[in-house]
Every structure is written in C-alpha cells, then in structure tokens.
Amino acid sequence: MIGGAHRNVLSGVGALLARYRYAAVAVDQILLSLFAFVLNVVLLKVLSTTDYGIVTLWVSISLFTIGVQNALVTTPLSVYVTPAPAGKEKRAMEESLASVNIALVIVMVAIEVLVTRIAGGEWAPRTATATVAIPVFIAANLSREYYRGITFSRRDVSTLLLNDGGYLVATAGGLTVMIMWPQRFGGWVDAFIMMTVGCVLGALCIHGRLERRMLFPSGWFHSYRSIMGEVGWSFVGVLANHAQARSYVYLVTAFADLNALAAIAGVGMLFRPVNLLATAWERSARPDLATDFAHGKYDVFDRTIFKAVLAAMVGSLVWYLVLLAGWSVVERQVLAGKYPEAGRLLLPWVVTTSISLVRYVIGIGLQAAREFRFLAHAQIFGGIASLAAVVIVLLWRDYTWTLWGIAVGEACCLTLLLIRLRTMPKKLIRE
C-alpha cells in the first residue's frame with residue numbers, strides 16, 4: 001500500500017511537471033545558469049590566471065565535441081524522432097542515434113588523447129592524473145548531454161530534473177572542497193575531476209528511468225543513413241559555427257597568451273546566464289517548432305521565433321545594465337581584481353552576445369525547418385568572416401579588441417539567416 005501511494009505521488013508530480021513543462025525547464029535552466037556562474041566565480045578566485053586559461057581552452061574543446069554531438073545525435077532526436085508516430089521506425093531511429101552517440105564518444109576521446117600526446121603547449125597535460133582527467137571529463141560531459149537530449153526528445157521533465165539535480169549536488173560538493181582547501185584542491189586538474197564527478201552522479205540518479213535502446217542492432221546504420229544528407233550539413237554548420245563563435249579561444253592562445261584568454265573568458269562568463277536561458281529555450285522549444293512546422297502551423301512557428309528573439313534582445317540589454325551598475329563590485333568580488341583590463345571587454349561582449357543570441361534563436365528555427373544545408377553555408381560564411389576579423393584585430397590592436405572581430409562574423413551570419421527566415425514561408429506555401 002505504501003509502495004502504491006509512493007507511485008501515485010510520483011505519477012502526480014510527473015503529470016504536474018508535464019503540464020507546466022516550459023516553466024519547469026526554465027527553472028531548471030535558471031538553476032544551471034546560476035550554478036555555472038558560481039562555478040566560474042569560484043574558479044576565477046581559486047585558480048591562477050594561467051590555470052583558468054587552461055580550463056577555458058579545454059572547456060571550449062569540450063563544447064565543440066558537444067556541438068558535434070548536437071548535430072549528429074541530439075538535433076535528430078528532436079527533429080526526426082519527436083514528431084514521428086510511435087512504431088518500429090521511430091524505435092529504430094532511436095537505436096541508431098544511441099549507437100552513433102557511443103561511437104562519437106569513443107572517437108572524440110581518441111582524438112583528444114592523440115592531440116595531447118603530440119602537443120607541446122603549456123595547456124597540454126603533463127601529469128598522469130591530468131592525462132586521464134581531461135578525456136574522462138569529455139566523455140562524461142558528452143554522456144550527460146546525451147541523457148539530457150533523450151529527456152527533451154521524450155518530454156520527460158522529471159527525469160531531466162533528476163539528472164540535473166544530481167549534477168548540481170555533486171559539483172557543488174566539489175566546489176565546497178576547492179573553496180575550503182584551495183592549497184590542496186585548487187588546481188585546474190581538480191576542477192575537471194569535480195565536474196566529471198557531477199556528470200557521473202547525474203547519470204546515476206536517472207539509472208533505470210530511461211527506457212534502454214539496443215546498441216548497434218542489425219540495420220542501425222541503414223536507419224541513420226536515411227538522414228545523413230541533412231545531418232551532414234548540420235555537422236558542417238557546427239564546424240563553421242565553432243569557428244565563428246569560439247575561434248578567439250585558439251587565436252588568442254596563439255597570438256597572445258593564456259592570461260589574455262582568461263581575461264576574455266572571465267568577462268564572457270558574466271553573460272553565461274543569458275546564454276544558458278537561450279539554451280533552455282532551444283531544448284524545450286525545438287521539438288515543438290519541428291512539430292508545428294511539420295504540421296504546417298507556420299503562424300505559430302513564426303510567433304514562437306519572434307517572441308524568443310525579442311526576449312533575447314531585451315534580456316541582453318537588461319543584463320548589461322545590471323552589470324554596468326555594479327561593475328566596481330563585480331570587478332573586485334567576482335573577478336578578484338586579477339584582470340585590470342576587464343572593463344574594456346564589457347561593451348564588446350554585450351554587443352557580441354546580443355547578436356549571437358538572435359542568430360542562435362533564428363538558427364534553431366531553421367533547424368526545426370530542416371534547413372541544414374542553408375545553415376551550414378551561412379555559418380561557413382560567418383566563420384570565415386570571424387576568423388579573418390579576429391586575426392586582423394589581433395595583428396592591428398591588442399587582445400581586448402578580439403570580441404569586435406567575433407561580432408563581425410556573427411552579424412554577417414545573422415543577416416543571411418534573417419533573409420532566409422523571411423523568405424522561407426513563401427517558398428513553403430508555393431510547395
């Protein structure tokens with residue numbers, strides 16, 4: 001009887017979360033955003049500027065691997081699996097994507113190990129612990145994002161919250177240890193170990209809740225091959241997008257040093273809450289956008305995009321004003337007084353973030369419309385523009401001008417996406 005009552009309570013909670021799915025996901029992402037902010041604040045305080053630069057570089061590489069996963073696995077889960085009717089074909093696609101995900105994790109880890117073996121920079125791991133910690137972190141982070149993608153595609157909010165809750169609790173414990181014993185646990189390797197433990201505990205919290213899919217069943221590649229044309233363009237888009245949005249990480253490391261990278265990343269971290277809210281909207285809205293588009297509800301599709309663009313612009317402006325009003329406190333308490341030129345980076349960061357958020361929102365809409373090829377072309381153009389602009393400003397001026405180069409690439413890509421979004425419905429009506 002007690003077990004039955006317990007199941008009824010869980011069922012009731014699940015139904016409530018499903019009813020208020022957008023609100024639950026928003027709260028979840030707000031918590032993640034705030035925690036990511038606190039995480040970076042602690043790392044800024046505990047780590048030296050060089051160590052924080054190393055963390056920034058490897059986290060950027062991890063984000064790139066997640067971007068590849070998003071193109072090859074997570075986006076197909078939302079765009080192809082979610083709108084599909086239940087049946088053998090839907091299950092076959094889920095099994096195919098689960099198989100691709102495992103292969104992707106293995107390949108990414110192997111590439112990381114190979115690169116660090118031949119690298120000679122100060123960012124490369126030198127100890128046995130560091131050599132193991134980085135690939136394990138990359139694998140754990142990819143696994144965590146895959147589980148989150150599954151929960152979003154199945155609209156299973158309760159499992160999502162359990163996964164993220166486990167991650168938050170474990171990582172918060174690691175942060176506490178770093179704060180209390182910075183002399184012993186205050187290195188960049190410790191930071192990666194802490195984040196890995198968080199990913200693992202999050203996965204353990206949802207163990208058994210997600211229906212398992214067979215890995216590498218007969219015909220799994222045939223199922224995936226049916227979407228490879230569009231997914232391939234999405235993958236190209238990820239490469240171009242990473243060059244467009246994150247090229248400064250590698251260029252600043254090459255043209256300046258890890259301390260300059262740490263300064264840029266430290267100020268950029270202040271805008272993380274706004275960026276993560278956009279990510280929350282994407283994960284929850286993309287399946288609905290894909291469904292609306294597939295069913296011909298173009299007015300609903302357009303309204304959703306417009307509201308998100310407006311929220312992104314207003315949110316960026318409000319957050320910038322908040323930071324500006326309390327900048328002296330932020331510079332002293334958050335940045336720990338380690339980055340004297342941080343104030344010069346605030347304006348270029350808000351301009352770049354605003355353009356990037358609008359471009360991101362419209363790009364999600366075009367993904368839902370399966371405009372992968374166009375997105376790839378637009379992002380290639382934006383990536384080339386960003387690379388060229390960043391190199392020019394780094395040769396011409398100091399590193400504080402880096403973000404203006406990124407803004408140029410973002411603006412070029414956004415212009416193309418706006419044109420496509422405006423003309424796309426007319427094309428669909430004619431078809």
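Me: Which residues touch the most other members in the largest nonpolar core?
Reply: Tyr 52, Trp 188 and Leu 270, in a core of 91 residues. A nonpolar core here is a set of buried Ala, Val, Leu, Ile, Met, Phe, Trp, Tyr and Cys residues joined through side-chain atoms within 4.5 Å. Buried means under 20% relative accessible area, exposed over 50%, and partly exposed in between, with a 1.4 Å probe and protein chains only.

Me: Which helix gives the most to this core?
Reply: Helix H3, residues 49–81, with 14 residues. Helices (H or I, at least four residues) and strands (E, at least two) are DSSP runs, numbered from the N terminus.

Me: Before going on, what are the ground rules?
Reply: This is a predicted model, where local features need pLDDT of at least 70, side-chain atom pairs count only at pLDDT 80 or more, and totals for chains, interfaces and linings use all residues. Residues are numbered from 1 along each chain as its sequence is written, and side-chain values use heavy atoms, with hydrogens and water left out.

Me: Back to Tyr 52. What is it in contact with, leaving aside neighbours within four places in sequence?
Reply: Asn 40, Leu 43, Leu 44 and Leu 47, then Ala 262, Ala 265, Gly 266, Met 269 and Tyr 339. Contact means heavy atoms within 4.5 Å.

Me: And Thr 56, where does that lie?
Reply: In helix H3. Thr 56 counts as buried because its relative accessibility is 9%. Leaving aside neighbours within four places, Thr 56 is in contact with Leu 261 and Ala 265.

Me: Which residues does a second, separate core include?
Reply: Among its 25 residues are Val 309, Ile 364, Ala 368 and Ala 369.

Me: Arg 370 next. Where is it found?
Reply: In the loop between helix H15 (343–368) and helix H16 (372–396).

Me: Why is Arg 370 called partly exposed?
Reply: Because its relative accessible area is 38%.

Me: Changing topic: how many helices and strands are in the chain?
Reply: There are 17 helices and zero strands.

Me: What radius of gyration does the chain have, and what would a compact globule have?
Reply: The chain has 22 Å, and a compact globule of 431 residues would be near 22 Å, so the two agree. The radius is taken over C-alpha atoms, and the globule rule is 2.2 Å times the number of residues to the power 0.38. The C-alpha trace spans about 60 × 60 × 45 Å along its principal axes.

Me: What share of the 431 residues is buried?
Reply: 52%. Of the contacts between residues at least 6 apart in sequence, 84% join residues at least 24 apart.

Me: Last topic, helix H5. Is Tyr 146 in that helix buried or exposed?
Reply: Tyr 146 counts as buried, at 13% relative accessibility. Helix H5 covers residues 128–153. Beyond four places in sequence, Tyr 146 is in contact with Gln 69, Val 73, Leu 77, Ala 98 and Asn 101.

Me: What about Ile 134, what does that touch?
Reply: Trp 58, Glu 112, Pro 125 and Trp 188, not counting residues up to four places away. Ile 134 is also in helix H5, and counts as buried at 1% relative accessibility.
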